[in-house]
Each structure stands twice: as structure tokens, then as C-alpha cells.
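This report describes selected local features of a single model, taking helices, aromatic rings and loops in turn. The sequence and the structure are shown first.

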Amino acid sequence: MALLKITNLVKSYRTEHTILKGVSLNVEKGEVVVILGPSGCGKSTLLRCINGLESIQGGEILLDDEVISNRKNDMHKIRQKVGMVFQSYDLFPNMTVLKNILLGPLKAQKRDKAEVTAQAEKLLARVGLLDKKNAYPRELSGGQKQRVAIVRALCMNPEVLLFDEVTAALDPEMVREVLDVMMNLAKEGRTMLIVTHQLEFARAVADRIVFIDEGVIVEEARPEEFFTNPKTERAQKFLDAFKFEKRVTYAEGI
């Protein structure tokens with residue numbers, strides 16, 4: 001039984017501008033699915049639809065066999081089950097790290113403060129940031145902010161975690177610390193959907209690669225199969241462009 005089921009999902013902003021064109025995807029509990037594709041293909045929009053940040057114009061999304069799409073009246077309850085970490089961190093600048101993490105569990109879930117605080121501190125320790133619990137976001141590096149954002153999502157005890165290009169705004173030196181946290185989450189058996197342009201990370205962390213282009217799923221495969229023997233010409237072109245970019249970057253660094 002799939003934990004998350006997406007069936008014939010259609011997302012349009014205008015009649016003539018359809019972003020997702022009948023996307024269907026099942027995600028098993030404990031599975032890590034990495035979504036790849038060129039910029040503007042609909043990857044981030046798909047995550048935003050799952051999390052209820054975007055309404056959909058067709059199809060449906062189910063979590064634990066319960067429809068969660070277009071649930072305007074109680075979407076806040078759904079978001080407690082579907083955590084999302086954004087590229088831009090979205091931490092409240094006037095709150096300490098600990099208060100940023102506690103806000104959701106205390107306000108939305110009405111949980112006991114002592115219990116949530118203990119969980120938050122344990123998670124901060126795991127990502128190497130317990131000593132920053134009383135710091136403000138402005139005092140943190142980009143990588144530290146992103147790790148706090150991940151802890152904040154985890155503290156809601158979600159069933160599914162969505163990651164939307166969480167390393168895109170980071171300096172190369174900070175990318176590794178965030179990816180290491182995500183690798184550890186994958187080893188724990190967390191159910192995750194990850195949008196990324198870090199192809200080597202995708203190859204290492206994914207149970208399955210989903211390649212999207214122009215709003216449709218073009219190819220799905222195990223990482224080794226996708227990266228060594230893609231079935232479609234479009235996926236091959238995408239991978240070739242990445243290899244060329246790496247060669248150019250290497251040459252410029254010499």
C-alpha cells in the first residue's frame with residue numbers, strides 16, 4: 001500500500017498555462033523519491049500541491065488513503081502530516097532557533113512544551129546545533145539555517161517530508177552539511193520527496209528517480225539504471241548537459 005498517492009494531477013495557473021499535465025505517482029512508506037528535471041518543468045509546483053500551498057485543477061492526492069488535495073478548511077491539519085523544507089529557510093527573524101522550532105508543535109498541535117522542547121533539543125544535537133538554540137537566525141550561516149528548518153519540520157512528526165531545492169541558495173561549503181542531514185534521514189527510513197539539482201546526491205540517497213519534463217513524468221527508474229542507462233532521449237540529454245556543465249566548471253577552475 002502506498003502512503004502517498006497522486007493520480008492524474010493537473011495544475012494550471014491560466015487556461016492556456018498548464019504546469020502539471022496529469023501526473024500520477026505513488027510513494028511507499030519509507031521510500032526516498034528524488035524528482036529531477038529542468039528548471040520550470042513543474043518539480044517544485046508538484047511539492048507545493050502535495051503540501052496544499054497550491055490548489056489543483058484536476059486529479060487528487062491521497063495520504064493514508066485520505067484525500068488531502070483542495071482541503072481549504074482544514075489544510076493546516078494536513079500540513080502537520082506533510083512537512084516541507086524550502087530553499088529560503090522561512091525562519092522568523094525575531095525568534096530564537098528554539099522558539100522557531102517550538103511554534104508549530106505548541107500552537108498547531110497543542111503539545112506539551114516540556115516534551116516538545118526535549119524533542120527539539122535532541123534533534124538540534126543530532127544536526128550539531130544544540131549550542132545555537134538561543135541564537136537568532138541572523139547569527140547563523142545559510143547551512144545552519146537550513147538545518148534548523150529541517151529540525152523544525154521534523155518536530156511536527158510528519159508522515160512525509162518534502163524538500164524543495166534546499167541547497168540551491170547555499171555556498172558550496174555549506175551544501176555538504178545539509179546533505180549529510182538528509183542522508184541520515186533517509187537511512188532512518190523517512191518517507192521523503194526531494195527536488196534537487198545535486199545529481200550525485202540524488203544518486204546516493206534515492207530509492208527511485210522520477211524525471212519530469214514539461215509537466216509530465218518522462219521516466220522513472222532506480223538511481224543506477226537512470227544514471228547509467230536512461231531509457232528516454234530527453235533524460236539522456238538532461239544528463240549530458242549536467243556532465244558538460246561539470247567539465248566546464250572543472251576547466252574554469254584549472
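## Helix α1 and the residue after it

In this predicted model, the buried residues of α1 are Lys-43, Thr-45, Leu-46, Leu-47, Cys-49 and Ile-50. The helix, which spans residues 43–50, is accordingly mostly covered, with six of its eight residues buried. Just after α1 comes Gly-52, whose phi is positive at about 80°.

## The crossing of α3 and α4

Two packed helices are described by the angle between their axes and the distance between the axes. For α3 and helix α4, the latter made up of residues 113–126, the axes come within 10 Å and cross at roughly 130°. That angle makes α3 oblique to α4, since values over 145 degrees would be needed for a roughly antiparallel arrangement. The crossing in which α3 passes α4 is right-handed.

On the α3 side, the contact is made by Val-97, Leu-98, Ile-101, Leu-102, Pro-105 and Leu-106, which meet Lys-113, Val-116, Thr-117, Ala-120, Glu-121 and Leu-124 in α4. By residue type, this contact of α3 with α4 divides into nine nonpolar residues, one polar residue and two charged residues.

## Aromatic pairs

A pair of aromatic rings is described by the distance of the centres and the angle of the planes. The structure holds three aromatic pairs. One of them joins Phe-211 and Phe-226, with 6.0 Å from centre to centre and 40° between the planes, and this pair is tilted. Because Phe-211 lies in strand β9 (residues 208–213) and Phe-226 in helix α8 (residues 223–228), the pair ties together parts that are 15 residues apart in sequence. Both Phe-211 and Phe-226 are buried.

Phe-226 also pairs with Phe-227: the ring centres are 5.3 Å apart and the planes stand at 90°, so this pair is edge-to-face. The relative accessible area of Phe-226 is 0%, whereas Phe-227, at 11% relative accessibility, likewise counts as buried. Taken together, ring pairs link Phe-211, Phe-226, Phe-227 and Phe-238 into a cluster.

## The loop between β6 and α3

Two residues can be considered together in the loop between β6 (82–85) and α3 (97–107), where Asp-90 is found and where Pro-93 is also located. Although Asp-90 is not a glycine, its phi is positive, at about 60°. Asp-90 counts as partly exposed because its relative accessibility is 41%, while Pro-93, with a relative accessible area of 56%, is exposed.

Leaving aside residues up to four places away in sequence, Pro-93 touches Tyr-136, Pro-137 and Arg-138. The C-alpha atoms of Pro-93 and Arg-126, by contrast, are separated by 23 Å, the two residues being 33 residues apart along the chain.

## The loop between α5 and β7

Which residue other than glycine has a positive phi near 55°? That residue is Asn-157, which lies in the loop between α5 (142–154) and β7 (160–164). Asn-157 has a relative accessibility of 43% and therefore counts as partly exposed.

Note on methods. Residues numbered from 1 in each chain as written. Predicted model: local features only at pLDDT ≥ 70, side-chain atom pairs only at ≥ 80, totals over all residues. Heavy atoms only, no water. Helix = DSSP H or I, 4+ residues; strand = E, 2+ residues; numbered from the N terminus. Buried < 20%, exposed > 50% of the residue type's maximum accessible area, 1.4 Å probe, protein only. Axes fitted to C-alpha atoms, helices over the stretch in contact; angles between N-to-C directions. Parallel < 35°, antiparallel > 145°, perpendicular 65-115°, else oblique. Left-handed = near helix turned anticlockwise from the far one by under 90°. Contact = heavy atoms within 4.5 Å. Nonpolar A, V, L, I, M, F, W, Y, C, P; charged D, E, K, R; others polar. Phe/Tyr/Trp six-rings, centres within 6.5 Å; stacked < 30°, edge-to-face > 60°.
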